[in-house]
Amino acid sequence: MFLKKNKIWNLKESSITTESVFNSRRKIIKNLAIGSLVFPSASLIPFKAFSSFYPPITNNFYKVGRDLTKESLATTYTNFYEFGSSKNIWRRASQLKTDPWLLTIDGLVNKPLTIDVNDLLKKIGGIEERVYRFRCVEAWSMTVPWAGFPVKKILSLVEPMTDAKYVKFETFFNPDIAPGQKQKWYPWPYQEGITIKEAKNDLSFIATGIYGKELPNQNGAPLRLILPWKYGFKSIKSIVKISFVNKRPIGLWEKLAPKEYGFWANVNPNIPHPRWSQKSEQQLGVDGRIPTVIYNGYGDHVASMYNKLEKSLQNNLFR
Ligand SMILES: Nc1nc2c(c(=O)[nH]1)N[C@H]1C(S)=C(S)[C@@H](COP(=O)(O)O)O[C@H]1N2
Ligand SMILES: [Mo]
């Protein structure tokens, strides 16, 4: 119907099946100041102190088999509920000050750390570029070059203790600059979690850049998680804290709607979201839909992690 005649990246937020449908069900009046989207030129993206790390060297190990999404789409059609529940919050997100930016790494580690992101990148020894597919639970997808480093480098830095079972990530909390955080029905700050095993997987990535430049704020500056075999909501933006814990973290979406947004959230076309199918996806900027692939096509690298799951987590398998 509507979706066939209109491209999702041109649609009003209210007309697509999104996480925000949840809001309308709760009779929340959404802040929809939407006309048509206007795309910025790349030159509008501000440069910060760690621009000296760019452009990064490309790591071609992971193949995508798809064309890159246009940069103007990937940087203007974004989910960042701290700045509002519509996709076109990119202008508003420019209010976030991302330099300096302190990251705290704590919990069950031998060497806890609070460090500025610039110093962290120096300590880690620089960044690399990887092109990944990215699939949102709302069934849109993109293919973009991220710059950053594997999550496992954080583990080498802080040395998790043996009883650390999960890694919990937390976004900033600052309602003065992020108006979405004045909406008290969300359990701010945005949180997400993965297992230690997942954190050690080479695919798990912390992005600091996109398209050969630093991340624009709307894509999660100055550092965000990227887990290309999981639905996009796991890829938490603008991280201020990483904690090593022994209890399974509960993400913001899982807290709000546990039957719809579970812990694993591995991309799986055979398990529909309770309110829509996951069988196919709409690539940003590309006409027509393509079939969605299990683990978003990364099964060779990740499937073995899910052979033997803890009993308590099995009913939370893919959602
Ligand atoms: N802090 C925070 N991180 C977040 C979100 C958010 O609202 N807040 N949205 C998530 C969702 S639902 C998706 S699909 C991706 C979108 O990433 P992108 O805007 O860079 O495409 O970010 C994820 N990370
Ligand atoms: Mo998403």
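The largest cavity in this predicted model takes up about 260 Å³. Here a cavity is a set of points on a 1 Å grid, laid over the protein atoms alone, where a 1.4 Å probe fits but cannot get out; the volume is the space filled by probe spheres set on the points, which are joined across faces, edges and corners. Of the 22 residues lining this largest cavity, Asn-79, Arg-224, Gly-232, Ser-235 and Lys-237 sit closest to its centre, where lining means having an atom within 4 Å of a point. By class, 12 of the lining residues are nonpolar, six are polar and four are charged. Gly counts as polar in this scheme, while Asp, Glu, Lys and Arg count as charged.

As for the chain, 59% of its 319 residues count as buried, meaning under 20% relative accessible area with a 1.4 Å probe, protein chains only.

Nine helices and 13 strands turn up in the chain; these are DSSP runs, with at least four residues (H or I) for a helix and at least two (E) for a strand, numbered from the N terminus. Strand E12 (residues 280-283) runs parallel to E5 (residues 140-150), joined by two bridges, and pairing takes at least two DSSP bridges. Trp-140 has Gln-282 of E12 as its bridge partner. E12 also pairs with E13 (residues 290-291), this time in the antiparallel sense, and there Glu-281 partners Ile-290. Six residues lie between the strands of this E12 and E13 hairpin, where Gly-285 takes a positive phi near 85 degrees.

Residues are numbered from 1 along each chain as its sequence is written. Since the model is predicted, local features need pLDDT of at least 70.

Conventions:
Chains lettered and ligands numbered in written order. Predicted model: local features only at pLDDT ≥ 70, side-chain atom pairs only at ≥ 80, totals over all residues. Heavy atoms only, no water. Buried < 20%, exposed > 50% of the residue type's maximum accessible area, 1.4 Å probe, protein only. 1 Å grid on protein atoms, 1.4 Å probe; cavity = no way out; pocket = protein on both sides within 12 Å on 5 of 7 lines; lining within 4 Å.
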